[in-house]
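Please read this briefing with the sequence and the structure side by side.

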Amino acid sequence: MDVAQVLHMNGGDGDYSYSNNSLLQVINSDAERPTPESDSSQCEKGMDVAQVLHMNGGDGDYSYSNNSLLQRKVISMTKPIIDDALADLYSAMNFPKTLIMADLGCSSGPNTLLVASELVKSVDKIRQKFGNDESPEIQIYLNDLPHNDFNTIFLSVSKFQKNLTNQMVPNSSSPCYVSGVPGSFYTRLFLSKSIHFVYSSYSLMWLSQVPKMINTNKGNIYMSTTSPPSVIKAYHEQFQRDFLTFLKCRKEEMVSGGRMVLTILGRQSDDPCSKECCYVWDLLATSLNDMVAEGLIDEEKLDSFNIPQYTPSPKEVCNEVEKEGSFAIDRLEVSEVDWDACTDNNLNEDARGYNMGKCMRAVAEPLILSHFGESIIEEVFERYTNNIKICMSREKVKLVNVTLSMTRKG
């Protein structure tokens with residue numbers, strides 16, 4: 001018996017779960033168990049992003065774990081920037097014996113521990129390059145919102161550490177410790193002046209909340225050419241508040257001279273409604289509007305749904321960094337990745353469109369499910385996938401990445 005694999009209490013909140021059968025372990029049982037809010041109560045309050053924003057967990061057909069090749073491609077594209085930042089950090093810190101790193105918005109699946117693995121291997125190569133015999137101990141914090149599938153990550157850590165040891169030079173590998181940190185990166189997550197290196201990829205375009213709008217974004221689920229100017233303004237201002245808050249939190253947590261590398265899904269155009277950043281959501285909006293026209297979805301339900309995301313331009317990102325003032329920008333790069341990157345290039349157009357549909361389902365399904373309910377899920381994503389297939393058969397569509405490498409001043 002592998003005790004580390006099989007020893008755990010019954011999970012969930014069912015009749016035989018540890019959650020509902022642990023009165024013996026409770027020292028102070030005076031506090032009442034909070035009563036779950038009803039679906040209607042949650043709806044009246046609007047989307048609670050911290051509760052519903054997460055990628056599809058597990059390892060099923062529509063899981064993020066099995067539909068994140070595009071994100072892996074982006075991680076690979078930005079690796080040279082990460083390597084340079086780590087080399088600068090390691091030498092500037094005079095070859096520290098301990099390095100504390102954080103991956104913010106880590107999600108779950110193979111990409112999570114891929115990032116951790118690349119960070120450790122990069123540090124070891126840098127150490128050898130500088131001729132330093134002593135490997136630093138490395139602590140990696142994996143952060144995401146509480147409903148992220150941390151269980152899948154934790155079940156993979158032992159295998160990750162064994163693989164890492166096998167890939168490194170014998171007797172030289174850096175000891176690596178992995179911890180999960182649930183919570184929003186728009187709040188403080190770590191002790192003051194404790195973090196040497198912060199990394200985040202494809203996470204900071206997600207907002208802390210759906211922007212508060214004075215006008216209805218009728219027929220749209222995101223910024224669009226038909227959105228009222230007040231909706232565009234609300235999205236931009238929410239991004240400004242959130243990104244500024246993110247920087248202020250990291251300012252407190254990072255050591256002086258610490259490095260941070262961020263890759264954000266963004267845009268090159270100054271137009272926040274440009275096709276390069278809005279098209280993928282426009283196709284989902286088309287699917288939902290068609291279902292409204294057929295009486296399958298209530299129109300008011302659609303008009304009250306908006307995606308909590310903002311894809312910034314490089315200028316917008318730099319403006320907030322300069323406004324906050326605690327970080328120096330070392331490098332700023334804009335790159336592109338085809339929608340095809342989510343799939344095997346050897347597949348035909350129809351199969352590539354189908355796989356892009358699965359990729360978007362892994363991202364968007366929890367949001368759709370929380371607002372519209374389970375009954376329409378299959379129909380929505382069948383239509384959405386068909387729209388994606390048609391789009392990809394007609395044109396080559398790209399996503400834009402804004403990558404920023406910074407140093408904590410001080």
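Helices (H or I, at least four residues) and strands (E, at least two) are DSSP runs, numbered from the N terminus. By this definition the chain holds 13 helices and 7 strands. This is a predicted model, in which local features need pLDDT of at least 70 and side-chain atom pairs count only at pLDDT 80 or more, while totals for chains, interfaces and linings use all residues. Residues are numbered from 1 along each chain as its sequence is written, and side-chain values use heavy atoms, with hydrogens and water left out.

**The chain as a whole**

- Of the 410 residues in the chain, 51% are buried, where buried means under 20% relative accessible area, exposed means over 50%, and partly exposed lies in between (1.4 Å probe, protein chains only).
- The chain has an accessible surface of about 19900 Å², and 49% of that surface belongs to carbon and sulfur atoms; the areas come from the Shrake-Rupley method with a 1.4 Å probe, and for residues only the protein chains shown count as cover.
- Contact means heavy atoms within 4.5 Å, and among contacts between residues at least 6 apart in sequence, 82% join residues at least 24 apart.

**Helix 11 and its partner, helix 8**

- Two packed helices are described by the angle between their axes and the distance between the axes.
- Helix 8 and helix 11 pack with their axes 10 Å apart and at an angle of about 45 degrees, where axes are lines fitted to C-alpha atoms, for helices over the stretch in contact, and angles run from 0 to 180 degrees between N-to-C directions.
- This angle makes helix 8 oblique to helix 11, since angles under 35 degrees count as roughly parallel, over 145 as roughly antiparallel, 65 to 115 as roughly perpendicular and the rest as oblique.
- The crossing of helix 8 and helix 11 is right-handed, which is the term used if the near helix is turned clockwise from the far one by less than a right angle, whereas anticlockwise is left-handed.
- By class, the contact of helix 8 with helix 11 has 6 nonpolar, 2 polar and 6 charged residues, with Ala, Val, Leu, Ile, Met, Phe, Trp, Tyr, Cys and Pro counted as nonpolar, Asp, Glu, Lys and Arg as charged, and the others, Gly among them, as polar.
- The buried residues of helix 11 (residues 314-324) include Val 317, Cys 318 and Val 321, and what covers the buried residues of this helix includes helix 8, strand 5, strand 6 and strand 7.
- Gly 325, which follows helix 11, has a positive phi, near 90 degrees.

**Helix 9 and helix 13**

- The axes of helix 9 (residues 275-293) and helix 13 (residues 377-394) come within 9 Å and cross at roughly 130 degrees.
- That angle makes helix 9 oblique to helix 13, and the crossing of the two is right-handed.
- Among the residues that make this contact are Tyr 279 and Leu 283 of helix 9, and Arg 383 and Tyr 384 of helix 13.
- By class, the contact of helix 9 with helix 13 has 10 nonpolar, 3 polar and 3 charged residues.

**Single residues to look up**

- Tyr 279, in helix 9, counts as buried because its relative accessibility is 17%.
- Phe 95 lies in the loop between helix 5 (79-92) and strand 1 (98-104), has a positive phi near 55 degrees, and counts as partly exposed because its relative accessibility is 29%.
- Tyr 202, in the loop between strand 4 (195-201) and helix 8, has a positive phi near 55 degrees and counts as buried at 10% relative accessibility.
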